[in-house]
Amino acid sequence: MPKKIIAALLSLSILTLTACESAGPRYRNVRSYSEGLAPVQSPGGRWGYVDERQQWVIQPHFEDAREFQGGKAAVRQNGKWGFINKRGEWL
């Protein structure tokens, strides 16, 4: 009887440990939320923006990105800085 209990506990602990494993970090860096969006760096190194549900709103294709202020955010692409709106369109 004790062998069955030990085997059951061992199986349960292995299942618990494997269930807690994560696929790894979703983002390399995350900056502050501002106006409902946060600049985040993807594992590939490019920056984009996610909403509060951590869903991509602006896909990561910028070299760098800053928080939104007044409906616009500064981003760098091809070595040059500019501003985008909340749809990712250049201003």
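This note goes through the sheets, the core, some individual residues and the ring contacts of a predicted model.

1. The four-stranded sheet. Four strands make up an open sheet whose order is β1-β2-β3-β4, and the pairing is antiparallel. Because β1 and β4 each have a single partner strand, they stand at the edges, and one side of each is left without a neighbour in the sheet. Between β3 and β4 the antiparallel pairing runs over three bridges, and within this part of the sheet Y49 has I58 in β4 as its bridge partner.

2. The three-stranded sheet. A further open sheet has three strands in the order β5-β6-β7, again with antiparallel pairing. Its edge strands are β5 (64–65) and β7, each of which pairs on one side only. The antiparallel strands β5 and β6 are joined by two bridges, and A65 has V75 as its bridge partner in β6.

3. The nonpolar core. The largest nonpolar core consists of 10 residues, namely L37, W47, Y49, I58, F62, A65, F68, A73, V75 and I84. The elements that contribute two or more residues to this core are β3, β4 (56–62) and β6 (73–77). In soluble globular proteins, nonpolar side chains tend to be buried together.

4. W47. This tryptophan is placed in strand β3 (residues 47–50), and it counts as buried because its relative accessibility is 4%. R31 lies over the face of W47, at 4.2 Å from the ring centre. The C-alpha atoms of W47 and R28 are 9.6 Å apart in space, with the two residues 19 apart in sequence.

5. L37. Although L37 is found in the loop between β1 and β2, it counts as buried because its relative accessibility is 6%.

6. I84. Leaving aside neighbours within four places in sequence, I84 is in contact with Y49, I58, F62, F68, G71, K72, A73, V75, E89, W90 and L91. One of the contact residues of I84 is K72, which lies over the face of F83 at 4.9 Å from the ring centre.

7. Positive phi values. Most residues other than glycine have a negative phi, and two exceptions deserve a check by eye. E35, which is not a glycine, has a positive phi of about 55°; E35 is found in the loop between β1 (29–30) and β2 (38–41) and counts as partly exposed because its relative accessibility is 36%. N78, likewise not a glycine, has a positive phi of about 55°; N78 lies in the loop between β6 and β7 (80–84) and counts as exposed because its relative accessibility is 67%.

8. Aromatic pairs. The count of aromatic pairs comes to three. One of them is formed by Y27 and W56 in an edge-to-face arrangement, with 5.7 Å from centre to centre and 90° between the planes. This pair links distant parts of the chain, since Y27 is in the loop between α1 (2–19) and β1 whereas W56 is in strand β4, 29 residues apart. Y27 is buried, with a relative accessible area of 14%, while W56 is partly exposed, with a relative accessible area of 30%.

Conventions. Residues are numbered from 1 along each chain as its sequence is written. This is a predicted model: local features need pLDDT of at least 70, side-chain atom pairs count only at pLDDT 80 or more; totals for chains, interfaces and linings use all residues. Side-chain values use heavy atoms; hydrogens and water are left out. Buried means under 20% relative accessible area, exposed over 50%, partly exposed in between (1.4 Å probe, protein chains only). A nonpolar core is a set of buried Ala, Val, Leu, Ile, Met, Phe, Trp, Tyr and Cys residues joined through side-chain atoms within 4.5 Å. Contact means heavy atoms within 4.5 Å. Two strands pair if DSSP finds at least two bridges between them. Rings of Phe, Tyr and Trp (its six-membered ring) pair if their centres lie within 6.5 Å; planes under 30 degrees apart count as stacked, over 60 as edge-to-face and the rest as tilted. A charge sits over a ring if NZ of Lys or CZ of Arg is within 6 Å of the ring centre and within 35 degrees of the ring normal.
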